[in-house]
Amino acid sequence: MRAAWLLLAAAPAFAAGEFFDDFAQKDLDALRASGWVLRDGTGHPGLPGARFSPAQLALEGGLLTLRLATDGTPANTTLAQLCAARKFLIGTTTARVRFRDTPGSRDPVIQSFFLASPLKHDYDPDFSEVDFEYLPHGGWGEPETRLYGVSWQTVRIDPWQSFNQASIVQGSFDGWQLLTVQVEATRTRHYVNGRLMGEHTGRNVPSKPMAISFNHWLAAGAVAGAPRAYEFDVDWVLHEAGRTVSPAGMQTRAAQLRKQGVARQDTVPDAGLTSECNL
């Protein structure tokens, strides 16, 4: 597998484009200046009335931390999300993240890494999304801890009706995880730590440029009570445009960039689209 990666690396230097961020920025202003959108305001996903705030994002020691604070009520729930430019489609995207369980908690928090385009209206045929969503305390009507890998066709938010293909792995993923999604013209593949979760095809395959995103949000079902807080971390994210690269190959490339002292690199051509940073 390493030899296969080296053959790819020996091709014309990332002709289709490469995006890498090691989250070594000194502060949130530097994060914005490097092209990330820090979500500020209300809207899906999450409890109606809850708010996304840039103050829930933090950079320290080369890690990006997404924080969630709540007392179980929407008015006192603050969420975190950030999004890159909307220009990613065919290719491979990997993030190294640290999911966190909180023993004893039943708050239905969702810790997510995903790529998405805007939903312009109910059942928008141009909507595209691939995601990983971790529910450390259960949620969505089920108590089990589990990780989802989903490829979306479209959705109606209210009342909820979704059309997608999901792969689910039960059990805890507390700690560092390597999440990889490959998007090809006719299929997607989700991997966790190099293990194939699932392959999705048909109308669920993305067709429009998407924004690389991370969010930390709260679903319905939290019990009102004392204030509490949760975190999950992102170490780095890498996208190879136009390439199907193995999870091991993506990890090798990220390590190579770090060894070279590259904290951020973006040679993926701009698509001329705005990044609304929602959903």
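Student: Hi! Before we start, what counts as a polar contact here?
Tutor: Hi! A polar contact is a pair of N or O atoms within 3.5 Å; within protein, one must be able to donate a hydrogen and the other to accept it. Keep in mind that this is a predicted model.

Student: Good. Which backbone oxygen does the side chain of Asn204 reach?
Tutor: That of Thr201, at 3.3 Å. The side chain of Asn204 also makes a polar contact of 3.3 Å with the side chain of Gln165.

Student: Where is Asn204 found?
Tutor: Look in the loop between β14 (195–201) and β15 (210–218).

Student: Is Asn204 buried or exposed?
Tutor: Buried, because its relative accessibility is 11% and the cut-off for buried is under 20%.

Student: And what is Asn204 in contact with, leaving aside neighbours within four places in sequence?
Tutor: Ser151, Trp152, Gln153, Phe163, Asn164 and Gln165.

Student: Switching to charges: how many salt bridges does the structure hold?
Tutor: There are 19 salt bridges. One of them pairs the side chains of Glu231 and Arg67, with 3.2 Å from N to O. Glu231 sits in strand β16 (residues 228–241) and Arg67 in strand β5 (residues 63–70), so this pair links distant parts of the chain, 164 residues apart.

Student: Glu231 and Arg67, are they buried or partly exposed?
Tutor: Glu231 is partly exposed, with a relative accessible area of 32%. Arg67 is partly exposed too, and its relative accessible area is 32%.

Student: OK, what does Lys87 pair with?
Tutor: Its side chain meets that of Asp266 in a salt bridge, 2.8 Å from N to O.

Student: Last one: which residues do salt bridges with shared partners join into one network?
Tutor: Asp22, Arg96, Asp235 and Arg258.

Notes
Residues numbered from 1 in each chain as written. Predicted model: local features only at pLDDT ≥ 70, side-chain atom pairs only at ≥ 80, totals over all residues. Heavy atoms only, no water. Salt bridge = Lys/Arg side-chain N within 4 Å of Asp/Glu carboxyl O. Helix = DSSP H or I, 4+ residues; strand = E, 2+ residues; numbered from the N terminus. Buried < 20%, exposed > 50% of the residue type's maximum accessible area, 1.4 Å probe, protein only. Contact = heavy atoms within 4.5 Å.
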